[in-house]
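Please keep the structure in view while going through the points.

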Amino acid sequence: MSLTAACGGSATAGGGGSGRGAVIKLSDPGNAGVLAYAKREKILEERLKAVGARVEWGGSYASFTATIDAVRSRSVNVLEGAISPAVGYLANGRDLRIFAVADRVTDKAAPYEDGLVVKADSPIRTVRDLVGKRVAVNKAGRGEYLLLLALKQAGIPASQVQRVYLNPAQGASAFATGKVDAWWAIVKAYPEVVAKGARVLLHGRDLPDQDLTIFAARTEVLQGSPRAVQVFLDVLRELTEQEKRDPRKFQNVFLDKGPTALSGARLDEEIAKARYQNVPRPVTDADGAHVTAVAGLFREQGVVPNAIRPEDVLFKLGAAR
């Protein structure tokens, strides 16, 4: 750790859409997490077969925004991310919907999962010191959302800080070579840069963060095969419950040596994250408030050109089986 509404509206899956012939296309889950475990044990293959569907595993991507081209080309049709990049994507299309969310971890004992970082010897000490500086963020994604939220909370016009749009891999390189003054590191990039000595100014958990972890799918998959998507969600929920109880077996799933294998403090940190994570759940009408908050900030700051309504973003699977 990584829909369907009838044109333009939030929809609930009814009795149709048996799932037969459906293909759930996922990015490669790597060497850790519930989907890596499911891939190794062929759990999705078995469970989807019962509704006449199947799974395909594709390429590897660093984040939701990095997966977007694969979503557009339909080589990935179900993915994990956050409301923020989903809103950014939906500003230019309506072929994706959020069908499940996981609430943000708020327990102070849990490891952090993102942060605004600077070099250890940087003169930047507070958010206010970012005025006139270059900050790397993933465009219309969680990094940009959190930076804008931090600037708003500090009373700093966003125009006074230069946002440099880079994906996580590009951000890591730019930060390491001093091409940017700060970086809002997310996903796997955050613990990696901190392990290399970066100093953290702020975490998303320090802000009134309305973003949620999400699972989204292309609309045609949700409309045509809600039962297949429901099976995916059921497996995800079951395995996440298992991972919370016994997180070690969900680490180093395929390899215990090499660049994708974790050990020592990094392994301990991922195990701790797994214990504190929240189990994904189907979206509800109440989640519309989160969409409104995230989309509203993006609209206010000109990140997206138009208002985005919850009914354009959320998809309720219902009880179809």
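**Notes on pockets, sheets and a ring pair**

1. The lining of the second largest pocket splits into 10 nonpolar, 3 polar and 4 charged residues. Here Ala, Val, Leu, Ile, Met, Phe, Trp, Tyr, Cys and Pro count as nonpolar, Asp, Glu, Lys and Arg as charged, and the others, Gly among them, as polar.

2. The model is predicted, with local features requiring pLDDT of at least 70 and side-chain atom pairs pLDDT 80 or more, while totals for chains, interfaces and linings use all residues. Residues are numbered from 1 along each chain as its sequence is written, and side-chain values use heavy atoms, leaving out hydrogens and water.

3. The second largest pocket has a volume of about 320 Å³. Its lining has 17 residues, and Arg72, Gly88, Tyr89, Lys139 and Ala140 lie nearest the centre. At least two lining residues come from each of α3 (64–72) and α4 (83–90), and α3 gives the largest share, 5 residues. On a 1 Å grid over the protein atoms alone, a pocket is an open set of points with protein on both sides within 12 Å along at least five of seven lines, a cavity is a set where a 1.4 Å probe fits but cannot get out, and lining residues have an atom within 4 Å of a point. Points are joined across faces, edges and corners, and a volume is the space filled by probe spheres set on them.

4. The second largest cavity holds about 40 Å³ of space. Val137, Asn138, Leu166, Asn167, Pro168, Trp183, Trp184 and Ile186 line this cavity. By class, the lining has 6 nonpolar, 2 polar and no charged residues.

5. An open sheet of 5 strands has the order β7-β6-β8-β5-β9, with mixed pairing (strands pair if DSSP finds at least two bridges between them; helices, H or I of at least four residues, and strands, E of at least two, are DSSP runs numbered from the N terminus). β7 (162–165) and β9 (199–202) are at the edges with a single partner strand each, so one side of each is left without a neighbour in the sheet. Strands β5 (115–118) and β8 (182–185) pair in the antiparallel sense over 3 bridges. Leucine 116 has tryptophan 184 of β8 as its bridge partner. Helix α6 (168–176) packs on this sheet, touching β5 and β8, and its direction makes about 150 degrees with that of β8. Contact means heavy atoms within 4.5 Å; axes are lines fitted to C-alpha atoms, for helices over the stretch in contact, with angles from 0 to 180 degrees between N-to-C directions.

6. A further open sheet has 4 strands in the order β3-β10-β4-β11, with antiparallel pairing. β3 (78–82) and β11 (281–282) are its edge strands, each having a single partner, so one side of each is left without a neighbour in the sheet.

7. How many aromatic pairs does a search of the whole structure find? It finds 5, where rings of Phe, Tyr and Trp (its six-membered ring) pair if their centres lie within 6.5 Å, and planes under 30 degrees apart count as stacked, over 60 as edge-to-face and the rest as tilted. The ring centres of tyrosine 145 and phenylalanine 298 are 6.3 Å apart and their planes stand at 85 degrees, so the pair is edge-to-face. This pair links helix α5 (142–154) with helix α11 (288–300), its residues being 153 residues apart in the chain.
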